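Please read the following report alongside the sequence and the model. It moves from the overall fold to a helix pair, then to aromatic rings, and ends with individual residues.

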Amino acid sequence: MERTSVSPHPDAALLRPIENPGRGFYYIVAILLAVIFYTMYIYVRQLKYGLGVTGMAQPVTWGFYIINFVFFIGISHAGTLISAILRLSNAEWRRPITRMAEVITAIVLAIGGLHPIIDLGRPDRVLHLFYNGRLQSPLLWDVCSITAYFTASTVYLYIPMIPDIAILRDRGVRPRWLYNFLSWGWQGTKRQHEVLERAMNILMVMVIPIAVSVHTIISYIFAMTVQPGWHSTIFGPYFVVGAIFSGIAAILVVMIVFRKLFRLERYLKQIHFNYLGILLLIMSLIWFYFTFSEYLTAFYGHEPNEMRVFWYKFTGKFAPFFWGMVICNFVIPVALLSNRKTRTIPGILVASITVIIGMWLERLAIVVPSLANPRLPYPTGIYVPTHTEWMLFLWGVSVFALGYVLFARFFPVISVWEIEEGREESAHIVGERIKSYQPDMELHEPEEKASAEVAKPPPPGDEGGET
């Protein structure tokens with residue numbers, strides 16, 4: 001463990017986890033590594049014995065792995081997309097939030113992208129996508145869009161970190177070679193700030209359509225198969241709304257946990273949670289609107305195959321999961337977040353956790369019931385996840401936690417330079433912005449005459465005379 005002896009920084013609380021991580025960091029890493037090694041052993045066992053160790057079978061050939069793929073990719077919308085929207089809209093309260101959100105995207109995208117490979121059973125089969133992939137297939141579009149999103153998100157995370165990495169370099173924090181390399185010779189000149197702002201503006205505009213395309217294309221993988229319960233024209237926006245919904249909930253959970261662990265109460269205040277809580281409430285209402293529309297049109301169509309899936313969710317074996325989804329995504333968040341007395345940090349934490357659970361149940365309710373009720377006259381399938389699938393789900397969660405803890409060990413989770421900039425410039429910027437959209441004052445007639453007199457040029461030859 002290294003203890004630095006440089007002068008105190010005004011935002012020392014943001015640098016403390018890097019300069020003096022403490023024993024807790026090593027305990028957490030040790031526990032997470034133990035879980036990851038065990039779950040990796042389970043995966044090696046699946047490689048040895050094949051997908052027979054999972055609960056997947058005919059007709060349910062997609063189970064936990066594809067559910068987790070859609071779920072993790074959805075969570076990834078937390079970061080880059082929401083951060084870009086907040087930056088573009090010049091929301092000044094965004095400053096302590098954006099980096100915490102962007103880190104989620106970079107880590108979760110990598111985890112989510114690995115799940116289809118786990119689902120293949122043999123990882124080498126993924127090469128068939130490159131040898132035999134067809135441009136008509138949404139699967140190929142999905143690989144392209146996720147790769148593009150991961151690249152853009154990683155660059156978008158890194159660029160605003162450069163000034164903070166330079167702060168760590170100048171304070172002599174180890175590993176020095178890492179901070180020297182990643183700071184790119186940053187000296188904080190006016191020219192460097194201009195280039196940084198320009199790069200961020202370009203990335204902000206680029207990343208929003210890429211992020212929307214990712215989950216839209218994932219929805220196409222389902223909607224274009226003409227399966228009952230999947231063939232829907234609103235699946236694209238429905239998936240995007242669900243992704244943003246679960247993403248905001250994930251940001252709130254991470255913010256509350258790190259606020260407690262790193263004692264960041266001075267930076268993450270009640271007002272930040274209040275704004276994001278209201279946003280979560282709005283997304284809950286939008287999610288319910290899409291869900292209601294989706295099932296209402298299916299019910300009025302009354303197509304026999306569609307209705308088998310419909311009743312399987314509403315009153316069949318999947319009813320506990322379906323109604324659990326509605327309670328977690330709509331009833332609890334709306335009850336807690338629409339009331340000021342319960343829109344507190346503990347209330348928001350409960351609402352966010354239930355939304356994350358509810359959105360995972362939504363993925364389950366989308367994937368399994370349609371496969372369990374095929375069009376052909378086969379009996380309804382049964383899917384029960386095995387220990388292997390539960391452990392690999394735990395692997396994904398543990399890798400996410402480890403990735404975030406390691407990031408917080410080496411880099412500030414809140415942007416130090418943006419906080420400093422906010423202190424110096426925010427009040428002036430916000431004041432000017434308010435002035436710019438306030439209506440102009442209407443001058444009364446005497447004042448108008450006085451103004452005209454003042455503006456009137458003096459008569460010729462009287463330039464130097466008294467008035």
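Helices (H or I, at least four residues) and strands (E, at least two) are taken as DSSP runs and are numbered from the N terminus. With that convention, Pro175 is placed in the loop between α8 (162-170) and α9 (176-183), and the peptide bond that leads from Arg174 into Pro175 is cis, with omega near 0°. A cis peptide bond also joins Gln58 and Pro59, where omega is about 0°, and Pro59 lies in the loop between α2 and α3.

The model is a predicted one, in which local features need pLDDT of at least 70 and side-chain atom pairs count only at pLDDT 80 or more, while totals for chains, interfaces and linings use all residues. Residues are numbered from 1 along each chain as its sequence is written, and side-chain values use heavy atoms, with hydrogens and water left out.

**Overall picture**

The protein has 18 helices and 0 strands, and its C-alpha trace spans about 105 × 60 × 50 Å along the principal axes. Burial is judged by relative accessible area, with buried meaning under 20%, exposed over 50% and partly exposed in between (1.4 Å probe, protein chains only). On this scale, buried residues make up 50% of the 467 residues in the protein. If contact is taken to mean heavy atoms within 4.5 Å, residues 24 or more positions apart account for 81% of the contacts in the protein with a separation of 6 or more.

**Two crossing helices**

How do the axes of α13 and α14 cross? Axes here are lines fitted to C-alpha atoms, for helices over the stretch in contact, and angles run from 0 to 180 degrees between N-to-C directions. The axes of helix α13 (residues 304-314) and helix α14 (residues 319-337) come within 6 Å and cross at roughly 75°. Angles under 35 degrees count as roughly parallel, over 145 as roughly antiparallel, 65 to 115 as roughly perpendicular and the rest as oblique; α13 and α14 are therefore roughly perpendicular to each other. On the α13 side, Tyr312, Lys313 and Phe314 meet Ala319, Phe322 and Trp323 of α14. The residues of this contact divide into 5 nonpolar, no polar and 1 charged, where Ala, Val, Leu, Ile, Met, Phe, Trp, Tyr, Cys and Pro count as nonpolar, Asp, Glu, Lys and Arg as charged, and the others, Gly among them, as polar.

**Aromatic rings**

Rings of Phe, Tyr and Trp (its six-membered ring) pair if their centres lie within 6.5 Å, and planes under 30 degrees apart count as stacked, over 60 as edge-to-face and the rest as tilted. By this rule the count comes to 39 aromatic pairs. The rings of Trp62 and Phe222 have centres 5.7 Å apart and planes at 80°, so this pair is edge-to-face. Because Trp62 lies in the loop between α2 (23-49) and α3 (64-75) and Phe222 in helix α10 (residues 190-223), the pair ties together parts that are 160 residues apart in sequence. Trp62 is partly exposed, with a relative accessible area of 23%, whereas Phe222 is buried, at 2%. The rings of Phe407 and Phe411 have centres 5.3 Å apart and planes at 40°, so that pair is tilted; both Phe407 and Phe411 are buried.

Trp62 and Phe222 also belong to a cluster, in which ring pairs link them with Trp230, Phe235, Tyr238, Phe239, Tyr289 and Phe290. A charge sits over a ring if NZ of Lys or CZ of Arg is within 6 Å of the ring centre and within 35 degrees of the ring normal. The cases below include a ring of this cluster, Phe239.

| Charged residue | Ring | Distance from ring centre |
|---|---|---|
| Arg363 | Phe239 | 5.5 Å |
| Arg409 | Phe410 | 4.9 Å |

**Individual residues**

Glu294 is found in helix α12 and is buried, with a relative accessible area of 11%. Which residues is Glu294 in contact with, leaving aside its neighbours within four places in sequence? They are Gly229, Ser232, Ile234 and Phe235. Glu294 and Phe235 are 59 residues apart in sequence and 8.5 Å apart in space, C-alpha to C-alpha.

Val226, in the loop between α10 and α11 (235-261), has a phi near 55°, a positive value in a residue other than glycine, and is partly exposed, with a relative accessible area of 41%. Phi of Arg263 is likewise near 55°; Arg263 is found in the loop between α11 and α12 (270-301) and counts as exposed at 57% relative accessibility.
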